[in-house]
Amino acid sequence: MTEGSRNITRQKLSRRSVLAGFGAGASYLAMPWVARAQDEIIRIGFPTPLTGPFAAEARDQVKCAALAVKQFNDKGGINGRKVELLVRDDKLNGGEAATRTLELIEKDKVHAIVGALSSAVQLAVNEVTRARGIIYVSISQSDTINEVKDFSKYTFHEALNPHMTTAAVARHSFKKGNKVAHLVADYAYGHEMLRGFKRAQAQIGAETVGEILHPFGAADYSTFMPRLRSMRPGILCISNFGRDQANSIKQAVDFGMKQQMKIVVPVLLHNQRLAVGPDVYEGVVGGANYYWGLESGNPSAKAFNDAYRDGNRNAIPTDYGAYGYTGVSSLLLAMQAAGGTDTEKVITALEDLKYDVAKGPQQYRKCDHQSVQSVLVLESKKAASMKSEVDLFDIVANEPASTDLLRSCSELGFPA
Amino acid sequence: MDTELILMQLFSGVALGAILVITALGLSIIFGMLGVVNFAHGALFMVGAYAGLWVASLTGSFWWGLLVAPIMIGAFGMIIEFVLVRPLYGRSIDDPLLLTFGLGYVLVEAVRIIFGSDGIPFPTPPQLIGVVDLGVGFFPIYRLFVIGLVILVLLLLWLGLEKTRFGLIVRAGARDPTIMRVLGVDIGKVWLVVFGLGVGLAALGGVLAGPMRSVNPEMGSLVLAEAFVVTVIGGLGSLLGSIVAGLLVGIAISMTALFAPEMATIVMFALMAVVLLIRPQGLFGKLA
Amino acid sequence: MSSPALAAPATASERKPSSVTAALAAYRVPLSILALCLLPWLLPSKALAVNVLVYGVVAVGYNLLFGYTGLLSFGHAAFFGAGAYITGIAIGQFGVPWLVAVFLGILGGGALAFIIGGLTTRTRGIYFSMVTLALAQLVYYVALQASSWTGGENGLRGFTVDKINLFGTTINFLDPINKYYVLMMFAALALWAVSRILNSPFGAAIEAIRENERRARTCGYDVEKTKLLAFTLSGLICALAGTMSALHLAFVPLDVLHYHTSGMIVMMTLLGGARSFFGPFVGALAFLLMEDVFSLWTSHWQIIVGSIFILFVLFLPRGLWGTFLEKAVR
Amino acid sequence: MTAPLLAVENVGRRFGGFVALEGVTAAFQPGKVTSIIGPNGAGKSTFFNVLSGVLTPSSGSVRFKGKDLAGVRQHEFVHLGIARSYQITNIFPELSAHENVRVAAQAGRARYNIWTNRKRFSELDDKADAALVAVGLAAKRTETAKFLAHGQQRALEIAIALTSDPQVLLLDEPTAGMGPEETRDMVALLEKLASERTILLVEHKMKMILGLSDRILVLHHGRLIADGSPRDIQTDSEVRRVYLGQNDGYA
């Protein structure tokens with residue numbers, strides 16, 4: 001963790017642990033005083049999995065969210081009120097996330113929540129905030145959150161959703177007549193990605209030659225390889241996430257699949273690519289919400305990267321980190337427009353907001369509160385052509401923001 | 001389904017089974033001799049992979065990592081036995097189980113602190129990159145190498161247990177510890193070596209798995225469950241049982257992958273439930 | 001199973017009791033309820049206090065099997081999770097009134113415990129631990145697959161209980177204090193039930209089986225049947241905790257069924273002290289407080305929790321409460 | 001002669017290829033003390049285990065009051081009226097002496113009661129106390145069992161067996177590991193018990209057996225080689241050969 005973010009978290013931590021230490025009397029008696037001071041400060045709760053397999057992504061999210069907060073505070077806050085970020089560890093567990101969110105709402109009296117890195121955590125937080133009328137900006141990929149069943153008027157979905165990601169990736173990697181084999185993680189995320197890809201295929205005219213569902217969290221994929229090969233596809237489309245993606249691509253490469261077919265994934269993760277190495281990922285194509293290399297032609301990305309480099313010893317922000325930045329920024333911009341933290345006003349402001357803070361113009365769609373935004377299609381570079389340690393991908397395309405990539409409101413179950 | 005595919009699938013199952021065998025064997029040896037269920041086995045598997053990677057990066061050669069890491073982690077296992085597990089003998093059999101459960105947490109977190117939580121690349125040794133045509137399909141050379149190496153290790157283990165004095169002591173001790181005292185064998189030393197051997201096998205499994213999977217702090221979690229299933233099916237403490245059950249589970253998984261792929265993880269637990277209902281002590285186990 | 005390590009003196013009623021332990025034993029139910037009433041005002045947050053209730057009940061229910069019957073199950077996440085899932089599904093998908101859903105959750109979890117117990121209580125020692133673990137993992141994968149019912153990896157949601165009717169009045173269940181005291185009534189009920197079970201002839205029978213299974217059998221106890229009953233009762237209590245958790249969070253994560261949850265239950269029980277009535281509850285409190293505090297200090301809290309657990313196994317096998325009782329006896 | 005209380009007919013028991021017991025036929029009358037003797041490995045413990053349901057016979061039958069015990073599970077034996085003690089002390093170490101006996105007493109009537117406070121079963125307390133008095137342990141009522149002296153633990157085990165009010169009492173070396181004084185106490189206890197019930201005894205201490213028994217069975221290599229009064233057994237040539245052949249006789 002770098003200095004900027006550590007300060008913010010530490011400041012928070014010390015206050016909380018003091019409360020815990022003093023126990024009942026102290027914390028309870030202190031309440032009236034705290035409550036008065038709290039009117040001044042705008043508090044944003046930020047649950048994220050600081051422990052567990054996505055800790056690196058989570059730390060990056062915290063850094064980026066802290067950067068957004070710092071930028072607003074440096075400019076004098078929101079209507080003169082300072083903004084404070086309250087980071088909590090959700091341990092990548094929905095139950096833990098629900099508990100932390102309850103604490104943030106009930107004890108810390110936050111004005112809004114931003115965060116989550118997995119679909120389950122996101123839906124757990126959504127459940128808690130929906131019942132209590134708290135604004136929540138969610139920053140983890142999911143189609144479910146857009147659908148009417150889980151819709152909350154208080155929730156805004158800043159992350160890409162599987163449908164738009166796959167639509168963009170397919171548009172730039174599938175061609176008419178391609179034969180596509182699917183290896184799909186057997187849970188909601190995988191199913192959503194598969195559905196998106198197949199729909200895009202139907203439009204493009206690429207044929208599905210077979211699909212294999214693999215168990216979520218499997219470590220060995222060798223047993224699927226002979227069958228995938230026997231399907232003789234031109235494209236192997238692997239719809240899974242994180243460790244599953246790393247393992248399955250690594251083993252597909254071991255089986256020599258890359259010589260015969262192109263590997264396409266819905267999402268290429270910066271940190272996962274670092275963890276597995278350039279040779280395995282070489283030539284793999286996938287989508288992303290953000291890649292630092294965008295800066296060459298995009299002034300917002302350049303500004304975001306520079307601000308991040310400034311506080312983080314020249315490091316660059318990653319994809320999931322950028323969600324932390326855009327998510328918090330959009331919320332604060334809306335609060336600024338609403339002139340405070342009044343929930344209804346902020347909701348209206350978010351719905352009307354047009355923002356461009358890191359990657360080009362974005363806007364929340366009114367019916368499902370999905371952020372309409374550009375989708376990057378990336379291809380992993382080979383080791384020899386990397387110019388630096390973080391020069392990981394070539395940008396194949398930057399599919400511009402458009403509702404064409406999304407399912408229509410009526411399709412999601414919203415009244416027209 | 002054509003025959004080629006089924007044969008190929010069978011072969012994948014054997015390769016998968018080879019890794020299962022080597023990790024389950026370590027678990028089984030420790031249990032058979034010491035009566036300790038090592039819940040840190042998965043974590044030690046993971047530590048082995050990291051150690052192999054570390055040694056390989058220092059020496060620039062995978063082969064040094066393969067050789068040194070299991071010995072290094074085996075020695076570490078001896079320290080664990082001596083410092084942590086030994087004080088628990090004579091207490092409830094649950095105590096070492098609980099202790100190693102806590103140790104697993106500590107090891108995983110320690111690796112996260114030292115090497116980061118994301119995982120690091122573990123490249124396949126250049127000599128073993130690529131695939132060969134088996135006649136029924138293409139198979140990675142590295143996986144063939146793993147099968148060969150596991151057979152070699154099993155052979156060495158068998159020779160060690162059958163043909164050496166130490167092996168004799170271990171086999172006798174597993175049957176009846178009191179005999180050892182009568183024979184004047186320092187049982188403490190035997191425990192130490194056996195625990196080290198079991199942990200070393202876990203580490204070897206980790207190094208071997210490194211080039212096939214992503215190396216990360218959580219990689220041992222599933223391995224632990226798999227190793228348990230294999231040892232329980234085979235019969236706790238039975239070395240032959242671990243070998244047969246490892247192959248059985250590997251093949252069951254690969255065959256399920258062919259017909260109902262999304263069930264490939266459940267199948268091993270289901271297999272175990274069935275075996276235990278018919279034979280509660282496992283295929284080769286003795287009744288308690 | 002009769003290890004000197006785990007033997008705590010607080011279980012049987014006639015062992016040279018000091019005035020402190022005697023008083024604690026005689027009034028254990030009212031005393032625990034009093035402690036529970038004060039709890040939310042002593043902890044950093046109300047949400048944490050409800051979690052202590054939930055995991056306290058799980059640990060006490062688990063201890064009926066681990067501490068008193070001497071069976072180390074690694075599969076109790078299944079019953080905890082079953083209670084939570086069934087309650088959530090009953091409310092969310094069938095619109096069942098919340099109190100009925102609670103009963104369904106308890107019964108369903110108990111039925112699952114009866115089935116798994118029937119399969120596992122015939123196995124002995126280490127086999128029992130591993131088979132319970134494996135069967136519970138099987139339940140985990142079934143829940144993952146049955147995503148149209150359980151929500152799969154996304155977790156079960158859509159059953160928020162915001163208002164409840166109790167004794168003719170409507171209570172705002174979103175209010176943390178109300179929620180705590182309503183759920184506390186369930187916890188108190190569970191503690192009372194466990195206390196009665198432990199004081200019953202059956203309570204003596206399971207201790208006898210823990211102490212010496214062969215002798216108990218020769219005395220005329222059907223050991224398998226008794227173990228199965230203990231397993232089922234333990235599962236019922238854990239299922240109740242599951243339903244409490246579902247009502248509390250309005251969400252059931254799939255992780256609730258993972259063997260890590262079972263491990264956590266074991267750790268809590270041991271931390272507080274198996275074989276004592278209060279111990280597991282104290283353990284749950286200590287564990288959750290530790291996690292809450294350490295996870296704010298460092299993201300590497302697991303290394304601290306793991307180390308503390310190792311130290312407890314090595315040096316304080318009686319746990320926090322067991323050790324306290326030991327000192328109080330002297 | 002009255003009908004036998006307990007009878008075995010042609011009973012055998014194998015462990016794999018090893019024959020531990022073969023072709024044993026005997027009947028036991030109520031109110032008698034019968035001792036079973038034989039060198040180590042003669043099959044005495046196996047015989048006891050078959051009689052108490054720990055092992056099922058590989059061949060032959062065991063009858064109690066005329067009822068064939070095949071298929072009866074071990075824990076039910078005590079409810080029928082057959083109780084036993086073990087060669088190696090077998091008690092509940094962490095419970096008090098009184099709890100040891102009471103938990104045995106309640107097996108008869110309140111096994112699965114999970115709700116009533118056990119203090120309400122005062123008759124069980126009385127029964128437990130009576131058993132403790134009978135074996136002379138009334139003063140050690142609240143002592144934790146594992147802290148009792150060896151002889152007291154053996155006596156406690158007999159008290160546990162007595163609580164079921166058994167008609168047949170199987171005692172496996174009740175004086176094992178005892179000094180002369182403890183042995184004397186135990187013999188006195190056994191004499192007292194013998195007046196009320198049928199006792200089967202496995203023992204090595206010959207003097208004690210000869211004084212106590214109405215009848216003696218001799219097992220050798222799993223076969224019954226002699227069956228008769230103490231006097232008959234003392235003069236039996238086969239028995240003398242077996243014993244003299246291996247050590248200095250009647251120890």
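This briefing covers a helix pair, a chain interface, a sheet and a domain arrangement in the structure above. The model is a predicted one. In it, helix 11 of chain B packs with helix 6 of chain C, 32 residues of chain A are in contact with 36 residues of chain B, and chain D is divided into domain 1 and domain 2.

- The crossing of helix 11 of chain B and helix 6 of chain C is left-handed, and the contact draws on Ile266(B), Phe269(B), Ala270(B), Met272(B), Ala273(B) and Leu276(B) from helix 11 of chain B, together with Val131(C), Ala134(C), Leu135(C), Gln137(C), Leu138(C) and Tyr141(C) from helix 6 of chain C.
- Sorted by class, the residues of this contact are 11 nonpolar and 1 polar, with no charged residues.

**Interface of chain A with chain B**

- The contact between the two chains involves 32 residues of chain A and 36 residues of chain B, and the elements of chain A that give two or more residues to its side are helix 2 (55–74), strand 7 (207–214), helix 7 (225–230), helix 8 (243–254) and helix 9 (270–276).
- Helix 8 of chain A provides the largest share of that side, with 6 residues, and the residues of the side of chain A that touches chain B comprise 15 nonpolar, 10 polar and 7 charged.

**Sheet of chain D**

- Chain D has an open sheet of 6 strands in the order 6-7-8-3-9-10, with mixed pairing; its edge strands are strand 6 (82–84) and strand 10 (223–228) of chain D, and the twist averages 20 degrees from one strand to the next.
- Strand 3 (residues 33–37) and strand 9 (residues 215–220) of chain D run parallel and are joined by 4 bridges, with Leu217(D) in strand 9 of chain D as the bridge partner of Ile36(D).
- Helix 1 (residues 44–51) of chain D packs on the sheet, where it touches strands 3, 6, 7, 8 and 9 of chain D, and its direction makes about 150 degrees with that of strand 7 of chain D.

**Domains of chain D**

- Domain 1 of chain D takes in 1–81 + 169–179 + 198–251, whereas domain 2 of chain D covers 89–165, and their centres, taken over C-alpha atoms, are separated by 27 Å.
- In the contact between these domains, 7 residues of domain 1 of chain D meet 7 residues of domain 2 of chain D; helix 2 (74–80) and strand 7 (168–172) of chain D each supply at least two residues of the domain 1 side, which has 5 nonpolar, 2 polar and no charged residues.

Key. Residues numbered from 1 in each chain as written. Chains lettered and ligands numbered in written order. Predicted model: local features only at pLDDT ≥ 70, side-chain atom pairs only at ≥ 80, totals over all residues. Axes fitted to C-alpha atoms, helices over the stretch in contact; angles between N-to-C directions. Left-handed = near helix turned anticlockwise from the far one by under 90°. Nonpolar A, V, L, I, M, F, W, Y, C, P; charged D, E, K, R; others polar. Domains from an automatic or database assignment. Pairing = 2+ DSSP bridges.
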